[in-house]
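Me: Could you walk me through this model with me asking as we go? I'd like the cut-offs spelled out whenever a term first comes up.

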Amino acid sequence: MPPSTCRPRRHLVFLKTHKCGSSTIQNILFRYAFHNNLSVALPYSGVYLDNTLEGQSLKVKELRDSPFAPASGKSVAHFLIHHTPSRLGDPAGENRAAWLLFRLTFDDSVWITIVREPSAVFESMFHYYHLHKFYGATFDHLLWKLEGGFSSRFKLNNRYMGRLGRNQMTWDMGLDDQDLRQEAVLKEALKLLDHTFHLVMLAERMDESLVLLKHLLCWSDDDVLVMSRNVRKDRYRSYLSEQSVATLEHFNSMDVKFYSFFRDR
């Protein structure tokens, strides 16, 4: 049981990152919301909380019969735990993305996210989203091309579906690939993210991360029992040699700096 000196936290933002074990964490949060009669901001369709065309708000599904629907007359939800295209960090200073998220949440919300070793993120994402069609190469062929100098700059810097590609974790947080050349921008972004998030979990240290999550939220052991989601079978994985890891880390160098910061943190 949680210690009697704290009260369970029930206002939460989970910034869901791609291929970092975030569906596993989301499952924990959905279960807690269901068992404690808490509302969740649900996507209007699909799995993303979509922007309207004007970019002034987020479409959130109104399900009056859903156990996750906000109370009548309420425009904010207890939990915001889905993917959102409104990325948090904004190097230009106009942090509209964060403003959109804050409109859907409580002022005292706990902010959490999860990160993963960058080469593993890219390998998982490549196979899960069938990116061989986008890059025009198998995973091994892509590694060979990267080691020899990628021939198509258009594909290298573009993102599949406008949201998936290199440096995925930092892109999810709001940074773009061109910021790689601006150390000052990355430094300020890391300062912003470190200030915003109460906990950044590590996929490679899931057990320890869940212990930290439990204490941060003042939840019980049962509340953070884990059930893995979207886990691939071994036959769908690619073996990464030391050379392959080094190649992918070079290709995703911003993610390496981002991950290293929070791993050390």
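Me: Quick one to start: is C20 buried or exposed?
Reply: C20 is buried, with a relative accessible area of 1%, where buried stands for under 20% relative accessible area, exposed for over 50%, and partly exposed for what lies in between, using a 1.4 Å probe and protein chains only. Please keep in mind that this is a predicted model, in which local features need pLDDT of at least 70 and side-chain atom pairs count only at pLDDT 80 or more, while totals for chains, interfaces and linings use all residues. Residues are numbered from 1 along each chain as its sequence is written, and side-chain values use heavy atoms, with hydrogens and water left out.

Me: And how many disulfides are there?
Reply: The count comes to one disulfide, taking a disulfide to be a pair of cysteine sulfur atoms within 2.5 Å. The bond joins C6 to C218, with an S to S distance of 1.8 Å, and with 75 degrees about the S-S bond the link of C6 and C218 is right-handed.

Me: Which parts does that pair tie together?
Reply: C6 lies in the segment before β1 (12-15) and C218 in the loop between α9 (206-217) and α10 (242-251), so the pair ties together parts that are 212 residues apart in sequence. Helices here are DSSP runs of H or I with at least four residues, strands are runs of E with at least two, and both are numbered from the N terminus. As for cover, C6 counts as partly exposed at 27% relative accessibility, whereas C218 is buried at 4%.

Me: Zooming out, what does the chain contain overall?
Reply: The protein chain has 11 helices and four strands, and of its 265 residues 50% count as buried. It exposes about 14,300 Å², of which carbon and sulfur atoms supply 51%; accessible areas come from the Shrake-Rupley method with a 1.4 Å probe, and for residues only the protein chains shown count as cover. Among contacts in the chain with a separation of 6 or more, residues 24 or more positions apart account for 75%, a contact being heavy atoms within 4.5 Å.

Me: What order do the strands take in the sheet?
Reply: It is an open sheet of four strands in the order β2-β1-β3-β4, with parallel pairing, where two strands pair if DSSP finds at least two bridges between them. The edge strands are β2 and β4, each of which pairs on one side only. β1 and β3 pair in the parallel sense over four bridges, with V13 standing opposite W111 in β3. Four bridges also join β3 to β4, which run parallel; I112 has L199 in β4 as its bridge partner, and V115 has L202.

Me: Which helices pack on the sheet, then?
Reply: α1 packs on the sheet, touching β1, β2, β3 and β4, and its direction makes about 160 degrees with that of β1. Helix α11 (residues 253-264) packs on the sheet as well, touching β3 and β4, with its direction at about 105 degrees to that of β4. For both angles, axes are lines fitted to C-alpha atoms, for helices over the stretch in contact, and angles run from 0 to 180 degrees between N-to-C directions.

Me: Is β3 covered on its faces or open?
Reply: Both faces of β3 are covered, since V110, I112 and I114 on one side and W111, T113 and V115 on the other are all buried, so six of its six residues are buried. In a regular strand the side chains alternate between the two faces of the sheet.

Me: Back to α1: how many of its residues are buried?
Reply: 11 of the 14 residues of α1 are buried, so the helix is largely enclosed by the rest of the structure; these include I25, I28, L29 and F30. The buried residues of α1 pack against β1, β2 (79-80), β3 (110-115), β4 (199-202) and α9.

Me: Last topic, where is R163 and what does it touch?
Reply: R163 is in the loop between α6 (153-157) and α7 (168-173), and at 17% relative accessibility it counts as buried. Not counting residues up to four places away in sequence, R163 touches H18, Y48, Q168 and W171. The C-alpha atoms of R163 and H18 are separated by 9.9 Å, although the two residues are 145 residues apart along the chain.
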